[in-house]
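The sequence and the structure come before the details.

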Amino acid sequence: LFMAGWLDAVAIQERTGRPLDPKNPAPRPSVLRAVSTADGKTLAEWKLDCEPVFDGMAAAYGRLFVSLKDGSVLCLGEKE
């Protein structure tokens, strides 16, 4: 299972989702993560240069395509 998104870098309020300290909105590091469907363990993790677009990931032709908020698209697959 592949998932992409930003890691929670700041403490947030449960009901609103807003930072507890709005004066210190830390940058949100983004990652692409491969997770085992059998036991939920992380198999691999890669840092992304930009946040991914919501619902912007697709698998096709043996590759994984990830759309990023800077307008770029990553195409990941095995080296040939």
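## Terms and model

Two strands pair if DSSP finds at least two bridges between them. Helices (H or I, at least four residues) and strands (E, at least two) are DSSP runs, numbered from the N terminus.

This is a predicted model, in which local features need pLDDT of at least 70, side-chain atom pairs count only at pLDDT 80 or more, and totals for chains, interfaces and linings use all residues. Residues are numbered from 1 along each chain as its sequence is written, and side-chain values use heavy atoms, with hydrogens and water left out.

## Strand β5 and its partners

Strand β5 covers residues 63-68. With β4 it pairs in the antiparallel sense over 5 bridges, and Ala60 stands opposite Arg63 of β5. The β4-β5 hairpin has 2 residues between its strands, and Tyr61 there takes a positive phi near 55°.

β5 also pairs with strand β6 (residues 73-76), in the antiparallel sense over 4 bridges. Leu64 is opposite Leu76 in β6. In this hairpin 4 residues lie between the strands, and Gly71 has a positive phi near 95°.

## Met57

Met57 lies in strand β4 (residues 52-60). Met57 counts as partly exposed because its relative accessibility is 32%.

Note on methods: Buried < 20%, exposed > 50% of the residue type's maximum accessible area, 1.4 Å probe, protein only.
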